[in-house]
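Please look at the sequence and the structure before reading on.

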Amino acid sequence: MRELTSEDARFAVLGGGVLACGGGGWQHHGELMGAMATSMGRPRLAQLDDLPSDSWIATVTAIGAPASTTWEIQPVDYVHALTALIDAVDVPITGVMTAQNGYSTTLNGWIQSSVLGVAVLDAAGDVRAHPTGKLGSMGLTTRADYVSTQVVSGGNRELHGHFLSINHGTIATCDDVLRDISVRVGGFIASARSAVELQWVRDNAAIGAISLALNLGRAMSDAAAAHVDPGEAVLQSVVEALGARIVDSGRLRFVTDIETRGGWDRGVFGVGEHTVAFLNEFMTVDSAGERIATYPDTIIILDAKTGQGLAVKDAVDGLEVVLAVVDAADLPVSTSAIDPIGLAECEEIMGMEFLRYLNPKLKGGETK
């Protein structure tokens, strides 16, 4: 177990911004959370074997659409949500993990660790960012008789006041309810949810996901520091660190406008001869009627000038970008990222096929 530093926070934002796949929160929010967590206390990153085998782990994250213009999350909301979850369940929660990597979501749990003393586990519900809670739930949608307790706290105070909700039910129902809440309170809300045994995390999470983001961020930072014109160098550092393949490059174009509806940012971008459909995050890549990449593949659009990951909310028509893809089998996989229930929901929402393209050899959890 090691202490997370302000330098780690900077790397987490950089690397998380690539693994955000267009979503994953906001760069400025990640920088704020990282600075606060590493200045007010000592957040700790734990490996699986650092914790007692009888440890219980909760997932901490935020829910909503990053392009919403009325969202508000205060850092204390994350702490409040976890405190309320600890009070609501009858198991001892000693560790937390993020649901996904992202500009700010890679740092989920750092403030809670700093303030409450819980460990941040080097694991995630998904190595990349995704649009629904089901896709980050480590396969709990199919765990027999599992009742999830999920807490949300926060909201836009000026518009709606502070909102707190404690929910007990199935993963699927709670996820739908919490997404509706996020819309009603301004677009985003902090969450703590679904305490599980450490062994469940070992068997189902994307293990090592935080270290992956930190190492990627360090590589990007080193590449930028070594070059006067860092764009190409940073881009190459991403390709090498993740084993990514460049699919296309050119000016970004809006095939459809970004629409924020139902707690999601929706639309389609074009890069060269390829189109990228997104639901908060980049979910598919197509060209001439052929599917090139499909979630849970890691789909990345990089700003050609800086080499950094492009967020949907920051997209500008005509921006020079590079489209890259990492096959899901080449990065840590979580059970929920290949969950038929979660993927079927994406098919319904987006009107696109996912299950047809799923690699049947993918397996979630720690590599045996």
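## Cavities, a helix and aromatic pairs

Strand β3 gives the most to the lining of the largest cavity, with four residues. The model is a predicted one, in which local features need pLDDT of at least 70 and side-chain atom pairs count only at pLDDT 80 or more, while totals for chains, interfaces and linings use all residues. Residues are numbered from 1 along each chain as its sequence is written, and side-chain values use heavy atoms, with hydrogens and water left out.

Strands (E, at least two residues) and helices (H or I, at least four) are DSSP runs, numbered from the N terminus. A cavity is a set of points, on a 1 Å grid over the protein atoms alone, where a 1.4 Å probe fits but cannot get out, and its lining residues have an atom within 4 Å of a point. Grid points are joined across faces, edges and corners, and a volume is the space filled by probe spheres set on the points.

**The cavities.** In the whole structure, a search finds four cavities of 30 Å³ or more. The largest cavity is lined by 20 residues, and those nearest its centre are Ala-62, Ile-63, Gln-100, His-130 and Arg-179. At least two lining residues come from each of β3 (56-64), α6 (171-184) and β8 (188-197). The second largest cavity is lined by Asp-126, Val-127, Pro-296, Thr-298, Ala-328, Pro-332, Val-333, Ser-334 and Ala-337. In the table, Ala, Val, Leu, Ile, Met, Phe, Trp, Tyr, Cys and Pro count as nonpolar, Asp, Glu, Lys and Arg as charged, and the others, Gly among them, as polar.

| Cavity | Volume | Lining residues by class |
|---|---|---|
| Largest | About 180 Å³ | six nonpolar, 10 polar, four charged |

**A residue of β3.** Thr-61 lies in strand β3. Is this residue buried (under 20% relative accessible area, with a 1.4 Å probe and protein chains only) or exposed (over 50%), partly exposed being in between? Thr-61 is buried, because its relative accessible area is 3%. Leaving aside neighbours within four places in sequence, Thr-61 is in contact (heavy atoms within 4.5 Å) with Tyr-78, Ala-99, Asn-108, Ile-189, Ala-190, Ser-191 and Arg-193.

**Helix α1.** This helix, residues 6-19, has 14 residues and reaches 20 Å from its first C-alpha to its last, close to the 20 Å expected at 1.5 Å a residue. The expected span is 1.5 Å times one less than the number of residues. Helix α1 is mostly covered, with 11 of its 14 residues buried; among them are Phe-11, Val-13 and Leu-14. The elements that cover the buried residues of α1 include β1 (2-3), α2 (27-40) and α8 (209-225). After α1 comes Cys-21, whose phi is positive, near 50 degrees.

**Aromatic pairs.** Rings of Phe, Tyr and Trp (its six-membered ring) pair if their centres lie within 6.5 Å; planes under 30 degrees apart count as stacked, over 60 as edge-to-face and the rest as tilted. The structure holds five aromatic pairs. The ring centres of Trp-26 and Phe-188 are 4.5 Å apart and their planes stand at 65 degrees, so this pair is edge-to-face. The pair links distant parts of the chain, 162 residues apart: Trp-26 is in the loop between α1 and α2, and Phe-188 is in strand β8. Trp-26 is buried, with a relative accessible area of 2%, and Phe-188 is buried at 5%. The rings of Phe-269 and Phe-278 have centres 4.6 Å apart and planes at 35 degrees, so that pair is tilted. One aromatic cluster is formed by Phe-254, Phe-269, Phe-278 and Phe-282.

How values were computed: On a 1 Å grid over the protein atoms alone, a cavity is a set of points where a 1.4 Å probe fits but cannot get out, and a pocket is an open set with protein on both sides within 12 Å along at least five of seven lines; lining residues have an atom within 4 Å of a point.
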